[in-house]
Amino acid sequence: MAPIVVLLLLLLLSSLPPSSSEFTVVMPDSSALVDAPQTGFSDSARTDPAEQRAVYEIMEATGNGWATSIPDVCRGRWHGIECMPDTNDVYHVVSLSFGALSDDTAFPTCDPARSSLSPALLALPHLRSLFFYRCFTGSPQPVPAFLGRLGPTLHSLVLRENAHTGAIPAELGNLTSLRVLDLHGNHLSSSIPPPLQLLRNLQLLDLSHNQLFGPVPELNLPSLTVMDLSYNLLHGRIPTSFGRCDSLVKMDLSRNRFSGSIPDTLCDLQNLVLLDLSHNRLAGPLPRSLGGLRSLTALILTGNPMSSAMIPKDAFAGLAALNTLILSNMELQGSIPESIGELGSLRVLHLDGNKLNGSIPQSFQKLQKLTELRVNDNQLMGPIPIGREMLWKMGKKLRLYNNSGLCYDMSYGRYEGIESMSGISYCETEGKDAASARSHTTKHYLSSTSRDGGHRRPSSLSSSGAARKLHLAQEELVDLIAPLLVSLLVFL
């Protein structure tokens with residue numbers, strides 16, 4: 001299988017929801033098995049007798065005793081078991097999968113009350129892929145250490161949402177040919193064992209949604225493309241060795257307790273597409289070399305208390321592929337760099353919940369692909385450099401409220417009916433003379449609808465303010481009727 005195909009497979013596996021993902025990745029090896037399409041069975045071919053007995057025991061341990069009625073498990077195979085012949089026409093089990101992923105899958109389901117992982121798995125010397133999904137939820141049990149003795153042929157080990165408890169066995173470090181290790185969504189409560197550093201062929205590591213704690217060991221895994229350690233209790237600094245995992249495409253360390261600064265070494269990951277470090281305890285400053293992440297499309301740092309940190313002027317220069325930038329609730333200070341407006345692929349930009357001041361850069365007019373912008377709850381002021389069409393396009397996904405003095409430039413046209421502009425004033429403009437100024441200036445033109453859908457009470461106006469309103473309305477009425485009168489006179 002070509003490397004690019006493997007990469008795409010791994011990305012697909014990491015992004016699909018648990019209920020519909022296919023995690024079994026079987027890769028060819030140098031064993032005596034015949035790696036070729038199997039269009040049928042030889043009349044003389046039979047399953048290895050020892051492996052046949054082992055499969056019966058494994059199926060019985062998961063509540064699938066019906067398998068004993070099948071005289072040859074490879075010839076009478078079901079979805080969830082894969083076999084391959086050797087040169088002597090003896091069939092060997094290479095893949096076992098259990099659990100109902102969706103209505104479209106037909107893997108054997110498990111009896112949650114009494115299922116277990118049978119040591120008979122060790123009697124399958126050619127096993128390449130082992131997959132269990134939601135199989136032991138009624139009888140939680142540790143991940144058995146004997147899995148570390150499954151042998152050099154095993155490439156994929158997936159024990160996903162099985163309610164496994166206890167520690168990750170250090171013995172898994174013996175599976176040096178492993179390419180996929182997925183323990184997502186269990187109740188594992190231990191540190192990450194250092195022997196996982198020995199898995200030099202690993203391409204996907206998913207330990208997310210557990211209760212893992214402690215510092216992360218220095219993992220320098222050159223083949224790793226997906227690393228997901230999110231939703232745990234991991235703490236300490238992010239290891240600098242992560243920056244040497246040159247093949248990384250996705251790194252998700254969110255929802256942990258990592259502290260310290262973001263290592264500059266992460267900026268060397270030229271293939272990285274997603275970097276999510278959100279909701280940790282990371283401190284500033286932001287790295288100045290983020291522009292080295294040329295392939296990055298999503299950078300998510302929200303929820304890290306980088307008190308007094310500023311956004312470096314050219315922090316994101318060169319990130320031509322970046323479409324999602326989330327820097328919410330980070331206590332960032334200073335101004336918004338003009339360089340953000342040069343990110344032509346940007347679709348989602350969140351800068352809300354900080355202490356940013358100054359104005360929104362004029363360069364934001366260039367963000368033609370922007371569909372979601374949050375700058376609320378800052379100290380911004382001055383004109384909003386976004387035209388009416390963009391305001392309509394973003395709708396409720398535009399959030400501007402709770403700033404010092406943002407206003408809307410009338411030269412873009414009126415914004416009536418745009419809910420996200422509730423409470424935003426029209427900017428004051430100076431005409432050539434006092435009369436022009438009076439006719440072009442409006443203060444605090446309030447929308448009747450607040451940002452949460454409720455109704456605001458109209459502000460009380462002074463007599464001069466009311467007169468000015470009436471004067472403007474009369475002028476607008478004249479502007480509207482005049483062309484009609486001209487047309488009528490021409491017709492007559």
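This is a predicted model: local features need pLDDT of at least 70, side-chain atom pairs count only at pLDDT 80 or more; totals for chains, interfaces and linings use all residues.
**Disulfides**

A disulfide is a covalent bond between the sulfur atoms of two cysteines. A search of the whole structure finds three of them. With the bonded cysteines numbered in sequence order, the pairing reads 1-2, 3-4, 5-6. The table lists the pairs.

| Pair | S to S distance | Torsion about the S-S bond | Hand |
|---|---|---|---|
| Cys74 and Cys83 | 2.0 Å | -80 degrees | left-handed |
| Cys110 and Cys135 | 2.1 Å | about 55 degrees | right-handed |
| Cys407 and Cys427 | 2.0 Å | about 95 degrees | right-handed |

In the pair of Cys74 and Cys83, Cys74 is buried at a relative accessible area of 0%, and Cys83 is buried at 3%.

Cys110 is joined to Cys135 by a disulfide. This pair links distant parts of the chain, 25 residues apart: Cys110 sits in the loop between β3 (90–98) and β4 (129–133), and Cys135 in the loop between β4 and β5. Cys110 has 13% relative accessibility and counts as buried; Cys135, at 0%, counts as buried too.

The sulfur atoms of Cys407 and Cys427 are 2.0 Å apart. Cys407 is buried with a relative accessible area of 12%, and Cys427 is buried with 8%.

Cys245 is buried, with a relative accessible area of 0%, and Cys267 counts as buried at 5% relative accessibility.

**The sheet around β25**

Strand β25 (residues 405–408) runs parallel to β26 and is joined to it by two bridges. Within this pair of strands, Tyr408 stands opposite Tyr426 in β26.

**Salt bridges**

The structure holds eight salt bridges.

Which side chain meets Asp182 in a salt bridge? The partner is Arg160, with an N to O distance of 2.7 Å. Asp182 lies in strand β7 (residues 180–182) and Arg160 in strand β5 (residues 156–160), so the contact ties together parts that are 22 residues apart in sequence. Are these two residues buried or exposed? Asp182 counts as buried at 1% relative accessibility, and Arg160 counts as buried at 5%. Arg160 and Asp182 also belong to one network with Asp206, joined by salt bridges that share partners.

The side chains of Arg77 and Glu82 form another salt bridge, at 3.5 Å from N to O. Arg77 is partly exposed, at 31% relative accessibility, and Glu82 is partly exposed, at 39%.

Asp111 and Arg114 meet through their side chains at 3.2 Å, N to O. Asp111 has a relative accessible area of 27% and is partly exposed; Arg114 is partly exposed with 46%.

Conventions. Residues are numbered from 1 along each chain as its sequence is written. Side-chain values use heavy atoms; hydrogens and water are left out. Two strands pair if DSSP finds at least two bridges between them. Helices (H or I, at least four residues) and strands (E, at least two) are DSSP runs, numbered from the N terminus. A salt bridge is a side-chain nitrogen of Lys or Arg within 4 Å of a carboxyl oxygen of Asp or Glu. Buried means under 20% relative accessible area, exposed over 50%, partly exposed in between (1.4 Å probe, protein chains only). A disulfide is a pair of cysteine sulfur atoms within 2.5 Å.
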